[in-house]
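Colleague: Put the model up, please. I have some questions about packing.

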Amino acid sequence: MNDKMLMRGSHVIGEAAVRAGCRFYAGYPITPQNELTEYMAGAMARLEDGTFIQAESELAAVNMVIGAAMAGARAMTSSSSPGVSLKQEGISYLAAQELPAVIVNTMRGGPGLGNIAPSQGDYFQATRGGGHGDYRTIVLAPASGQELADITRKAFDYADTYRTPVMILGDGMIGQMMEPVVFPEPLDLKKLPPKPWILDGAKGRPSRIIRSLLLDVSVEEDQNWKLVRKYEQITREIPAAEKYLTDDARLVVVAYGTAARIAKGAIKRMRDIGLKVGLLRPITLWPFPNRILVEMSRWVRHFLVYEMSTGQMVEDVRLGLEGRSQVHFYGRPGGVVSTPEELSKVINTLYHRQNLQEE
């Protein structure tokens, strides 16, 4: 059995990536995710087959990841909000060329350069894709150090399984916070499924071409519909969410990542005074866990979406529910982190304003 280790969130991602078979990392410094780049520099140096590159820019880093993915490596890059904005062109290329890669976004306050405080203002950027064209990116939202370890392994597996970029969406708080973690055993790279599409030389076989420039409109249309079919498969197979005290809830808070941990503390306070409040925590932000949300709407008439932003995920909650229940919102943007006490007051006020205590 593996030992429990006390580690910073950014270091957890790095160690989990190495154990998941990541052998190529390229990145460019930006706060508050520099600890991940630092960790990967040391980790790759200790591996016989590891490659670490501190690139000259975010654009260079993501394009190096494209090359490594083409050659068959499990590859990763990381950055924080404005840096991920710069990587979006490359992420679009990864999606178009059906190349697996993992991108880590440790969100900070914005827009613009913003600040280095934890925030959740990049939800749209991540789930809608800040790049061009019809594409989607799998987006995973961990809420603890242990989940960072587990989700990082999943991110590499999803990337290879579906041949698509996968984003791990955290924030400055979860990236800096130290928690006990138990890591899975390192993967044996020789046991990973073969990749018969990679560019590794054409000796004894026809040449392969991986490209995203498709000038024939019919060919481009076919490629777009092929991607759509893949996204439909992903939407059927991987949506995930945590439910907490929802079986008898009259009001359910919907929150992800750090915000969900704050919400859980507020919900415990509400339960202590007899209010029936629960939590739905999406773990996959794309695809969004709509089925779980709709199922819950059979007995929950009010959902309160809490985000560390002005309200982005709330749109997906409204789309998922399609008017089945009422959706309320509370958020703090710009790097302000609410306390459980603050959120509990919001929940308490809404609960009584809607007369939920009398149902």
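Colleague: Which residues of helix 6 meet helix 1?
Modeller: Helices here are DSSP runs (H or I, at least four residues), numbered from the N terminus. The helix 1 side is G9, V12, I13, A16, A17 and R19. Their partners in helix 6 are G145, L148, A149, T152, R153 and F156.

Colleague: What kind of model is this, and from which number do the residues run?
Modeller: This is a predicted model: local features need pLDDT of at least 70, side-chain atom pairs count only at pLDDT 80 or more, and totals for chains, interfaces and linings use all residues. Side-chain values use heavy atoms, without hydrogens and water, and along each chain, as its sequence is written, residues are numbered from 1.

Colleague: At what angle do helix 1 and helix 6 pack?
Modeller: Axes are lines fitted to C-alpha atoms over the stretch in contact, with angles from 0 to 180 degrees between N-to-C directions. Helix 1 (residues 9–19) and helix 6 (residues 145–162) have axes 8 Å apart. Their packing angle is about 35 degrees.

Colleague: Is F156 buried or exposed?
Modeller: F156 sits in helix 6. Buried means under 20% relative accessible area, exposed over 50%, and partly exposed in between (1.4 Å probe, protein chains only). F156 has 2% relative accessibility, so the residue counts as buried.

Colleague: Which residues is F156 in contact with, beyond four places in sequence?
Modeller: Contact means heavy atoms within 4.5 Å. Sequence neighbours within four places are left aside. F156 then contacts A17, A20, C22, R74, A75, M76 and V102.

Colleague: Which residues have the most contacts inside the largest nonpolar core?
Modeller: A nonpolar core is a set of buried Ala, Val, Leu, Ile, Met, Phe, Trp, Tyr and Cys residues joined through side-chain atoms within 4.5 Å. The largest one has 86 residues. Those with the most contacts inside it are M76, I138, M313 and V317.

Colleague: How do helix 9 and helix 12 lie, roughly parallel or oblique?
Modeller: The axes of helix 9 (residues 257–272) and helix 12 (residues 340–353) come within 8 Å and cross at roughly 60 degrees. Under 35 degrees is roughly parallel, over 145 roughly antiparallel, 65 to 115 roughly perpendicular, and the rest oblique. Helix 9 to helix 12 is therefore oblique.

Colleague: What is the handedness of the crossing of helix 9 and helix 12?
Modeller: Take the near helix: turned anticlockwise from the far one by less than a right angle, the crossing is left-handed; clockwise, right-handed. For helix 9 and helix 12, the crossing is right-handed.

Definitions and conventions: Helices (H or I, at least four residues) and strands (E, at least two) are DSSP runs, numbered from the N terminus.
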